[in-house]
Amino acid sequence: QVQLVESGGGLVQPGESLRLSCAASGSIFKTYAMGWYRQAPGKQRELVADLTEGGRTNYADAVKGRFGISGDRAKRTVYLQMSSLKPEDAAVYYCRADILLSTSMSITTYWGQGTQVTVSS
């Protein structure tokens, strides 16, 4: 069984920073793309940033220049460094990973349980 465990959420004031972490564990043959999504109350889940197996990054326009995604493939971990946080960044942040459990299976998308980020003065 695969688990994605997120950490690093919390309450910050506008302009402050947070770093989220997500570690994949389980009987994993290979991890492909990993990324972060967020969902605010009453809104759909949206992409924040993702990181391909080859190291390419992709960001939502709303976070470009403020957020940075990085990963440690050996640790099967992805990070999201969030700076200059705004109240509109407040949401539950979810980690997503495309994982292959074995060569006889297909790549499957897994999600973390979510971590709350609150930005308020």
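**Close-up views of a predicted model**

**View 1. Strand β4 and its pairing with β5.** Met34 stands opposite Leu51 in β5. The structure is a predicted model, in which local features require a pLDDT of at least 70 and side-chain atom pairs count only at pLDDT 80 or more, whereas totals for chains, interfaces and linings use all residues. Residues are numbered from 1 along each chain as its sequence is written, and side-chain values use heavy atoms, with hydrogens and water left out. Helices (H or I, at least four residues) and strands (E, at least two) are DSSP runs numbered from the N terminus, and two strands are said to pair if DSSP finds at least two bridges between them. On these terms, β4 pairs with β5 (residues 46–51) in the antiparallel sense over five bridges. The two strands form a hairpin with six residues between them, and in the turn Gly42 has a positive phi of about 80 degrees.

**View 2. Strand β4 beside β9.** β4 is joined to strand β9 (residues 91–100) by eight bridges, and the two run antiparallel; here Gly35 stands opposite Arg96 in β9. Eight of the ten residues of β4 are buried, so the strand is mostly covered, where buried means under 20% relative accessible area, exposed over 50%, and partly exposed in between (1.4 Å probe, protein chains only). Thr31, which also lies in β4, is buried with a relative accessible area of 8%. Leaving aside residues up to four places away in sequence, Thr31 touches Arg73, Arg76, Asp98 and Ile99, a contact being heavy atoms within 4.5 Å.

**View 3. The aromatic pair of Tyr37 and Trp111.** Rings of Phe, Tyr and Trp (its six-membered ring) pair if their centres lie within 6.5 Å, and planes under 30 degrees apart count as stacked, over 60 as edge-to-face and the rest as tilted. By this rule the count comes to one aromatic pair. Tyr37 and Trp111 form this pair edge-to-face, at 5.0 Å centre to centre and with 70 degrees between the planes. Because Tyr37 lies in β4 (residues 30–39) and Trp111 in strand β10 (residues 108–111), the pair ties together parts that are 74 residues apart in sequence. Tyr37 counts as buried at 17% relative accessibility, while Trp111 is partly exposed at 36%.

**View 4. The surroundings of Trp111.** Not counting residues up to four places away in sequence, Trp111 touches Leu4, Tyr37, Arg45, Tyr94, Cys95 and Arg96. Trp111 and Gln3 are 108 residues apart in sequence, yet their C-alpha atoms are 8.1 Å apart in space. Two of the residues in contact with Trp111, Arg45 and Tyr94, are also set against one another, with Arg45 over the face of Tyr94 at 3.7 Å from the ring centre. A charge sits over a ring if NZ of Lys or CZ of Arg is within 6 Å of the ring centre and within 35 degrees of the ring normal. Arg19 likewise lies over the face of Tyr79, at 4.1 Å from the ring centre.

**View 5. The largest nonpolar core.** A nonpolar core is a set of buried Ala, Val, Leu, Ile, Met, Phe, Trp, Tyr and Cys residues joined through side-chain atoms within 4.5 Å. The largest such core has 30 residues, and those with the most contacts inside it are Trp36, Leu80, Met82 and Tyr93. β3 (18–25), β4, β5, β7 (67–72), β8 (77–82), β9 and β11 (115–119) each supply at least two of its residues, and the largest share, five residues, comes from β9. Leu80 has contacts that include Leu18, Trp36, Val48, Phe67, Ile69 and Tyr93.

**View 6. The open sheet of four strands.** The strands have the order β1-β3-β8-β7, with antiparallel pairing. The edge strands, each pairing on one side only, are β1 (3–7) and β7. Within this sheet, β3 and β8 pair over six bridges, and Cys22 stands opposite Val78 in β8.

**View 7. Positive phi at Arg76 and Ser84.** Most residues other than glycine have a negative phi.
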